[in-house]
Every structure is written in C-alpha cells, then in structure tokens.
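Please have a look at the model first.

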Amino acid sequence: MSDRAEMRGPVTRRRRTTISGGGGGSAGVKQANGSKWHNSPQGPAKTKTGDEASEHESKNGEVDREVGVSGQQQQLRNSPKKQRSAVEDISDRLSCHVLQESLLSSASGYSNYRGILNWCVVMLVLSNARLFLENIIKYGILVDPIQVVSLFLKDPYSWPAACLIIVSNVFILAALYAERRLAVGTISETTGLIFHIFNLTCLLVIPAATILVMTSMTPGPSVAQSNGSTVQTHVSYPGNLTHRDMYYFVFAPTLCYQLNFPRSPRIRKRFLMRRLFEMLFFTQLLVGLIQQWMVPTIQNSMKPFQEMDFGRMVERLLKLAVPNHLIWLFFFYWFFHSSMNFVAELMQFGDREFYRDWWNSETVTYFWANWNIPVHKWCLRHFYKPMLRTGINKFLAQTAVFLVSAFFHEYLVSVPLKMFRLWAFMGMMAQVPLAWFVGRFLNGNYGNAAVWMSLIIGQPVAVLMYVHDYYVIHYGSNT
C-alpha cells in the first residue's frame, strides 16, 4: 500500500518500447503504463522514481539510436546492389546532359519549321507593305478600272481579237469536215495529212498577219458558246464527228482530244459562283497592281537602260522583280484554278488536274512538266513520245520540246507588240542548260531555291528588255 501511495503523485504517463541488454544475451521488453513497470518474467515487478525512469529512458534511447544506425549500416554492407541503385538514382536526378545534335543540324532529323515559315510570311508581308506604302506616297492612286474598259469602247471598230475569234471557226470546221472525209474514205490519209498541216499553218499565220498588217476591223456577230451535254454518253469513231462534239472540245479546258471525256455528274452552283467571284476579284487586282506598281517602276527603268548604268539597272530589276512575281502568282491562280475550274464546272468536264505541286520543284524540268498540265499533256502526247518512238534520245526530245515552247512564247509576245526581238525565245532556250546544271549539281532545297530564283529574276529581265525595245522604237526619236 505504501509503495502505491508514493506513486500516486503527478507522474507523466508514458508508453514506450525499449530494448535492454539483459543477461544471457536475451533482450527483455519493458512497457511503461502509468507507474507500473513490467519487467521480464524472471524478476519481480519493481517500481522506480521519476528521476530513475528518465535516466533509464535516455539510456534506452541512445541504445535505440545506436542499434538503428548499426542496423542500417549492416543492411547496406549486406546489400551492395541496393547501395549502387541508390547512387545511380541520385545521379539520374542530377543529370541534365544527353548525347544529341542541335535542331538546325541535318543529323538531328528535325523537320518542323512551321514557325520559321510563318516568320518568312510575316516578313514578306511587311516588306511588301512598305513598298506599297512608298509607292502610294510617291505616285498617289493610279488605279483606274474604267481605263481598261474605255480602251475597248473608245474605238469599237478596232477589235481584231474579237474578229479573229469568230474567224477561227473557219479552221475548226475545216478540220471537222476533213476528218469526216477521212472517216468515209473520200480522201486518202496523205491528202488528209497535208490538209491538216495547211490548216494549222493558216491558223498560225492569218492571226499574226491580221494583227501586224491591219489597223482596224469591223466586228462580226457573236457566236453562242455550247456548254456540252449534261448526259454522259459514250461514242465511238466516227460517231464523234459532230458539231456538238467538236465545239465541246474547243471550249473544254484541255488541248488533248479523246472520244469520251470524264464528266462530272452535275454542276455545283456554289462552286461555280466562288470561281466566278475569284475571276472578277483577281482581274481587278491584277489590273490595279499593274497600273499602280509595275508601270511606274518600268517607266523609271528606261533612263538607266539608255545610259547603261549597270548599278541602277540591277536596282531597277530587283525592284521590278517583286511586283512582277506577285502578279505572276496571282495570274497563275486566276487562270489555272479559278478560270479553268469555272469553265470545267460549267461544261461538266471531270478532269480538274490543271496543275500539280510545281512549287516543290527541285529541278527545272519538274517545274515545266507540272505548272501547266494541259500544255504538258499535249507536248507529251503529240510531240515528246512520238519522237522517242522514232529512236531519238530523251535529251534531244526534251530540247525539241523546249524549242517548240520557245517558238510559241515568242509568237505570243512579238505578234501583239509588233516587233521581233527573240527575248522570250532565248529565255525559254536558256532553260535547257539551266535544267542540266540544276539536275547535275543541285538537289533538294538547293534545287528548289534555284527554280524559284529563275522564276523571280528571269521574268522581269524579259519584261524590261521588251519594254526598253518598245520604248526605243516608238518614243526614242522624241527624246
């Protein structure tokens, strides 16, 4: 009773588990619950004062820590693999370098340059905006949409182009009737060949002679245009030798005839109206850019060309290159996408491949084969492949194709300007050595850059040459 009375004071109740070094190597576990201490079963229960209990607790705590540290060290000694994995884990967390290439190096395999492409577009827009603003400040507003219309309405008796379109029906019908005679055997193959050659020669010579010789011409009545049949019918030769079939081929956006053209099932009115809106919009845009941007630049280029100031000539050339190239791009979209799709949709012409991805051209030959598909198909079908079948090698056949193309380029420029200078002809023939050089020494992005350079620089050179010669011929004596 006396022992219990002594322990009734304010003793802090603790609960702990300690390891004591008992005799015989056995460790007894003591639990403190209030004032009672339960010793090992071998000794009697014994009470202690508060100081003794605290001292005993501190000693046991030190023993706990020593035993814990020694246990961890023993575990690390006993498990070297765990020790290495822990070191590697720490090393991985602190590591920030790996074997890799810079993004702009070709060895890195990186190809997402969308941001750089957007930057190029922004810089292009800003630079052209500066040029456009400079042009407005210097020359004012020069755009006059009525001027183009007034040129035709001013003298209604000087419309040789409209008359030539009407007269072209003579050659169309002559070819149709000659083919009919060949179909029934009235004339021989040799006679038919000679007649077709004569007919095509007249088709080239008569318009040129009309433009160069005659100054005015009375227009005739207009000819209604046929939009083809809305029902797909398959015909065979000579059932195709009809006026309807002939005029469908004349107005269809193709140069290669076949018995049955692919036809679209219906006319999409929304598509048709979009193409019509694009045609009208880009027509006004092209006229405005020519009036506002190109004409003043060309006029300011005459003096450096007359004085043969090469520094200023190059400066004028580079200044003309930007508007000329933009106008060419707009013309491409207006003609090959808007206009030809409009005509094809109206006539339900199914083949809409008027161009391919010429902007990705890595060679000059790829560009000329893919930017104008109707002409390319005609050259391939009626000129290039027949030459290969006769045994001519590919290089000579390609050179011959460029020669024919150069002739028609010069024909389309020299006849309207009424002067013969060969700048367009030489520009086209220069594509042959350029194509060889690019295909031999350049490839990939370098080849594509060379193609773009030839388009951006080559065209304004030809433009300045023709304008200079035209200016000298017509206005040189007045200056």
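Predicted model: local features only at pLDDT ≥ 70, side-chain atom pairs only at ≥ 80, totals over all residues.

R268 lies over the face of F271, at 4.3 Å from the ring centre.

Residues are numbered from 1 along each chain as its sequence is written, and side-chain values use heavy atoms, with hydrogens and water left out.

Now to the chain as a whole. It holds 16 helices and 3 strands, taken as DSSP runs numbered from the N terminus (helices: H or I, at least four residues; strands: E, at least two). Of its 479 residues, 27% count as buried; buried means under 20% relative accessible area, exposed over 50%, and partly exposed in between, with a 1.4 Å probe and protein chains only. The accessible surface comes to about 32300 Å², and carbon and sulfur atoms contribute 64% of that (Shrake-Rupley method, 1.4 Å probe; for residues, only the protein chains shown count as cover). Among the contacts with a separation of 6 or more, 67% are between residues 24 or more positions apart, where contact means heavy atoms within 4.5 Å.

Aromatic rings deserve a stop of their own. Rings of Phe, Tyr and Trp (its six-membered ring) pair if their centres lie within 6.5 Å; planes under 30 degrees apart count as stacked, over 60 as edge-to-face and the rest as tilted.

| Pair | Centre to centre | Angle between planes |
|---|---|---|
| F282 and Y333 | 5.3 Å | 50 degrees |
| W358 and W452 | 5.6 Å | 55 degrees |

F282 lies in helix α9 and Y333 in helix α10 (residues 310-346), so this pair ties together parts that are 51 residues apart in sequence. F282 is buried at 12% relative accessible area, whereas Y333 is partly exposed at 30%. The tryptophan pair links distant parts of the chain, 94 residues apart: W358 sits in the loop between α10 and α11 (364-370), and W452 in helix α16 (residues 444-475). W358 is buried at 4% relative accessibility, and W452 is partly exposed at 23%.

The loop between α10 and α11 also contains S361. S361 is buried, with a relative accessible area of 0%. A polar atom of the S361 side chain lies 2.4 Å from the backbone oxygen of W358. Beyond its neighbours within four places in sequence, S361 is in contact with Y366, F367, G447, N448 and V451.

Back in helix α9 (residues 269-307) we find Q292, which is buried at 3% relative accessible area. Leaving out residues up to four places away in sequence, Q292 touches several residues, including F132, N135 and V143.

Which residue does the UniProt annotation "active site" cover? The unreviewed entry gives H409; positions follow the numbering used here, feature names are shortened, and annotations may be inferred rather than shown by experiment. H409 lies in helix α13 (residues 394-417) and is partly exposed at 33% relative accessible area. Not counting residues up to four places away in sequence, H409 touches A424 and M428.

Technical notes. Lys NZ or Arg CZ within 6 Å of the ring centre and 35° of its normal. Polar contact = N/O pair within 3.5 Å; in protein donor to acceptor, adjacent residues only side chain to side chain.
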